[in-house]
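Subject: Two-chain model, handed over with notes

Hello,

Please find the structure below, together with its sequence. My notes come after it, and I would be glad if you read them with the model open.

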Amino acid sequence: MKRRTLLKGSLTASVAGVAAAAGLLAPQMVLAAWPKAAFTVKGVDNAVKTLMGSNSMADSGAIKIKAPAIAENGAVVNIAVTTSLKNVSSISILVEKNASPLTSSFNLSAVTVPFIKTRVKVAKTSSVIAVVKSGGKLFKAGREVKVTIGGCGG
Amino acid sequence: MANSIRPRAWVDSGVTTLKMIISHPMETGLRKDKATGKKIPAHYIESVIVKHNDKVVLDALLGPAVSKNPFIQCKFKGAAKGDALKISWTDSKGGSDTGEVKIS
C-alpha cells in the first residue's frame with residue numbers, strides 16, 4: 001500500500017514537473033512574438049519589469065504627455081507622447097488603474113522621431129504613464145486623466 | 001479583411017508623418033454580450049509594423065486596452081515624397097492584413 005502511494009505520488013510529481021517545464025517554456029515562445037505576460041500582468045511596475053526586464057525608472061521632465069484632463073468616454077482617450085530625450089528605442093503607454101496597465105509599446109528605429117499618438121481605453125480616473133527607453137535607460141512621466149461616467153460632460 | 005487600414009502620410013521639411021486607422025473590434029475578452037450574457041471572446045491587434053524601403057520604422061505592440069479601430073500616428077526621417085510605406089498587422093486570432101501608402 002505504501003509502495004503504491006509512493007508510486008502514485010512520484011507519478012503526480014513528475015507530471016507536475018513536465019507541466020511546469022512546459023509552462024516555463026511557453027511564455028518564452030510567446031515573448032518572441034508578442035509579450036503576452038507584460039500585457040496581462042497587474043501593476044505598473046510589474047508590467048514594465050516584464051516588458052523591459054527592469055523597472056528602475058527615473059522621472060523625467062523631458063517627456064510630454066498630451067491627454068485630456070477629463071475624458072468623457074473612457075473607451076477612446078487620445079494620448080500623445082513626445083520627448084526631447086535622445087536615442088529613444090521605445091515608448092510605452094500604461095494606464096495605472098486598468099486591470100492590466102500596459103496598453104501599448106512602440107519600438108522605434110533610429111530614424112523615427114520620438115513621437116507617438118494613439119487612442120487607449122481608460123477604465124476609470126487614473127494616471128496615464130509614458131515609459132521611454134532612451135540609451136538603454138528607462139524614464140517615465142505621468143498625467144492624470146479623469147473619466148466621467150454618465151455623459152454629463154463633467 | 002481587405003482594406004482594413006486607412007493610412008495617410010506626408011512629408012514636411014524632411015519629417016514624414018504617418019497617420020492610420022485600422023478597422024478592428026479590439027475586444028478585450030471581458031465585455032459581455034447583453035443579449036446572451038456570454039463573454040465576447042478576446043480579439044485584438046497584437047502587432048503593427050510600418051516599413052519604409054524594407055526597413056522597419058515602427059514596430060508597435062498593442063494590447064486589448066487600445067481603443068476600437070486603433071489610431072496610430074508616428075513621425076520619422078529619411079523618406080521622400082512618392083516613397084511607399086508598407087503597413088501590416090496581426091491579431092490575437094491569427095488574422096492579418098497589409099496596406100500601402102505613398103507619401104505625399
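Predicted model: local features only at pLDDT ≥ 70, side-chain atom pairs only at ≥ 80, totals over all residues.

Residues are numbered from 1 along each chain as its sequence is written, and chains are lettered from A and ligands numbered from 1 in the order in which they are written.

Chain A overall

Chain A has 3 helices and 9 strands; helices (H or I, at least four residues) and strands (E, at least two) are DSSP runs, numbered from the N terminus. The order from the N terminus is α-α-α-β-β-β-β-β-β-β-β-β. Of the 154 residues in chain A, 33% are buried. Buried here means that 20 or more other C-beta atoms lie within 10 Å of the residue's own, with exposed at 12 or fewer, partly exposed in between, and C-beta atoms placed from the backbone. Among contacts in chain A with a separation of 6 or more, 60% are between residues 24 or more positions apart; a contact needs C-beta atoms, placed from the backbone, within 7 Å.

Helix H3 of chain A covers residues 44-52, and its buried residues are A:Val44, A:Ala47, A:Val48, A:Thr50 and A:Leu51. Looking down the axis of H3(A), these fall within an arc of 165°, so they line one face of the helix. The arc is taken from the directions from the helix axis to the C-beta atoms. The cover over the buried residues of H3(A) includes helix H2 (36-40) and strands E1 (57-59), E5 (88-95), E6 (102-108) and E8 (126-134) of chain A. Just after H3(A), A:Gly53 has a positive phi of about 85°.

The largest nonpolar core has 56 residues, of which A:Ile91, A:Leu94, A:Val120 and A:Ala130 touch the most other members. Such a core is a set of buried Ala, Val, Leu, Ile, Met, Phe, Trp, Tyr and Cys residues joined through C-beta atoms within 7 Å. Beyond its neighbours within four places in sequence, A:Leu94 has contacts that include A:Val44 and A:Ala47, as well as A:Ile129 and A:Val131.

E8(A) is largely enclosed by the rest of the structure, because 8 of its 9 residues are buried. E5(A) and E8(A) run antiparallel and are joined by 7 bridges; strands pair if DSSP finds at least two bridges between them. In that pairing, A:Ser90 has A:Lys133 as its bridge partner. E8(A) also pairs with strand E9 (residues 137-147) of chain A, in the antiparallel sense over 9 bridges. The hairpin of E8(A) and E9(A) has 2 residues between the strands, and A:Gly135 there takes a positive phi near 55°.

Where the chains meet

The contact takes 26 residues from chain A and 25 residues from chain B. On the chain A side, E6 and strand E7 (112-120) are the elements that give two or more residues. The largest share, 8 residues, comes from E7(A). The chain A side divides into 14 nonpolar, 9 polar and 3 charged residues. Ala, Val, Leu, Ile, Met, Phe, Trp, Tyr, Cys and Pro count as nonpolar, Asp, Glu, Lys and Arg as charged, and the others, Gly among them, as polar.

An open sheet of 6 strands has the order E2(A)-E4(A)-E7(A)-E5(B)-E2(B)-E1(B), with antiparallel pairing. Strand E2 (63-66) of chain A and strand E1 (5-12) of chain B stand at the edges with a single partner strand each, so one side of each has no neighbour in the sheet. E7(A) pairs with E5(B) over 5 bridges, and A:Val113 has B:Lys75 as its bridge partner. E6(A) is joined to strand E4 (residues 55-62) of chain B by 5 bridges, running antiparallel.

A proline in chain B

B:Pro64 lies in the loop between E4 and strand E5 (71-77) of chain B. B:Pro64 counts as buried because it has 23 C-beta neighbours inside 10 Å. B:Ala42 is 22 residues from B:Pro64 in sequence, and the two are 7.8 Å apart, C-alpha to C-alpha.

Regards

Terms used:
Contact = placed C-beta atoms within 7 Å.
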